[in-house]
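This report describes selected features of a predicted model. Please examine the sequence and the structure shown below before reading on.

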Amino acid sequence: MTATVFKQATMVNEGKQTVADVRIVNQRIDKIAPQITEQGGDNVIDASGLLLLPGMIDDQVHFREPGLTHKGTIASESRAAVAGGITSYMEMPNVSPATTTIDALEAKFGIAQQTSLANYSFYLGATEANLDQIKALDPAKHCGVKVFMGASTGDLLVEHPQALDNIFEQSPTLIVTHCESSPIIAENQARVLAQKPELTIFDHPVLRDVEACYASSSYAVGLAKKYGSQLHVLHITTEKELSLFTAGNIADKHITAEACVHHLWYCDEDYAAKGNLIKCNPAIKSRQDRDALINALHTGQIDIIATDHAPHTLAEKNVEFAKAPAGLPLVESALLTLLDHVSAERMSIEQVVEKTAHNPAIRYKINERGYLREGYFADLVLIDPKQTTLSSNETTRYHCRWTPFDGHQFSHKIMGTWVNGQQVFDGSQLIDTNSPAMRLSFNY
């Protein structure tokens, strides 16, 4: 049986770097050893001087299907993701129509089964009236329920205290939250507009300020403590919110926190150059907040790094601030941004692997992924630390055809990505014949 053998790769796994050979047979890692003798017909890859990582597991993406496919599709965005070293993702419910029933949820799994190049799961969206659907979730098959605690639109906004109590008390799965207080945002907007005729991008972190975030995230943490809920707070953006989360091992927590790559990269000083391109919710905030998030990766208060990939067309972005949608495309460059942090010695590559692969696997109880271990699924990314990557709008694989990192030279190059043992990206081209992607399963 044909196998793939990586020769003398520098494996980054479980807090250390080890030079070894790695053999893949079918979908899984068959053997890891100092030396492996290849057999006739084996696909042998000389990985000397290259880094072999478990693929990134991105627990927060918006791939826009169904209903918003002019922005992106499961097919297009999953291909950009594997080109960026992301081998599994969990996708959000704010599509059109919103994913608020089990039937709609399973329909998205059906689309992904046909078109996704990366492994996949999907969240059910909470409303103030779909508790029966939330209770019907299967923790072994569904990654969680997404609760927009303010700052959303339509049915997906959940603000009524009793509705929130019911969700936190009765959800059988992990609860993930977007935390911004709509009343505080409205108060901030009224105050700003009382002083000037219109809003600009520089007002975005003023409207969606520290207090708007803290009021909502502290409410969520309080509910999780009250009911013993499994809570994961998405895209933390402020130093103040970090006080809500404990340091230490993620396996010992029932309340965890996440930071996103753009909040670790940009600060409010970047609005002048990037404008609406980096308009996102929660807003990118101060340099001090950004640096606090990076420090919290070291303390363990931030457990996971994700993307919140959320593409829009350039035409949609290139309008006045108030009408521009929030969100930016990120999956293709996310891992590369983190490797730039490694080059700048702001974090270690072992931390990158912990926050993007090990910890998502632990928090979501993902079966047999997130590590370089014999018997585990071979979701791998091979990286050259000596080659660089130029990001550009002309070469990006996003359906929206632009990247906020246009013109930036990243310090590393992704040489290949494997999903369930099958190579899907060779460093320059996608390989998507007979897609190997699978539905994620969870160890509940």
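## Helices α4 and α7

Helix α4 crosses helix α7 in a right-handed manner. Helix α4 spans residues 161-170 and helix α7 spans residues 210-227; their axes come within 9 Å and cross at roughly 50°. The two helices are therefore oblique to each other.

On the side of α4, the residues that meet α7 are P161, L164, D165, F168 and E169. Their partners in α7 are Y219, A220, L223, A224, K226 and Y227. By type, the residues of this contact comprise 8 nonpolar and 3 charged, with no polar ones.

## Helices α1 and α2

A further pair is formed by helix α1 (residues 74-83) and helix α2 (residues 102-115), whose axes cross at roughly 60° and come within 9 Å. The helices α1 and α2 are therefore oblique to each other, and their crossing is right-handed.

Helix α1 contributes I74, A75, S78 and R79 to the contact, while α2 contributes K108, I111, A112 and T115. The residues of this contact divide into 4 nonpolar, 2 polar and 2 charged.

## The second largest pocket

The second largest pocket has a volume of about 310 Å³. Its lining consists of 18 residues, and those that lie nearest the centre of the pocket are E332, L336, T389, L390 and R397.

Two strands, β16 (389-390) and β18 (413-419), each supply at least two residues of this lining. In terms of residue type, the lining contains 6 nonpolar, 9 polar and 3 charged residues.

Conventions
Residues are numbered from 1 along each chain as its sequence is written. This is a predicted model: local features need pLDDT of at least 70, side-chain atom pairs count only at pLDDT 80 or more; totals for chains, interfaces and linings use all residues. Side-chain values use heavy atoms; hydrogens and water are left out. On a 1 Å grid over the protein atoms alone, a cavity is a set of points where a 1.4 Å probe fits but cannot get out, and a pocket is an open set with protein on both sides within 12 Å along at least five of seven lines; lining residues have an atom within 4 Å of a point. Grid points are joined across faces, edges and corners, and a volume is the space filled by probe spheres set on the points. Helices (H or I, at least four residues) and strands (E, at least two) are DSSP runs, numbered from the N terminus. Ala, Val, Leu, Ile, Met, Phe, Trp, Tyr, Cys and Pro count as nonpolar, Asp, Glu, Lys and Arg as charged, and the others, Gly among them, as polar. Axes are lines fitted to C-alpha atoms, for helices over the stretch in contact, and angles run from 0 to 180 degrees between N-to-C directions. Angles under 35 degrees count as roughly parallel, over 145 as roughly antiparallel, 65 to 115 as roughly perpendicular and the rest as oblique. A crossing is left-handed if the near helix is turned anticlockwise from the far one by less than a right angle, and right-handed if clockwise. Contact means heavy atoms within 4.5 Å.
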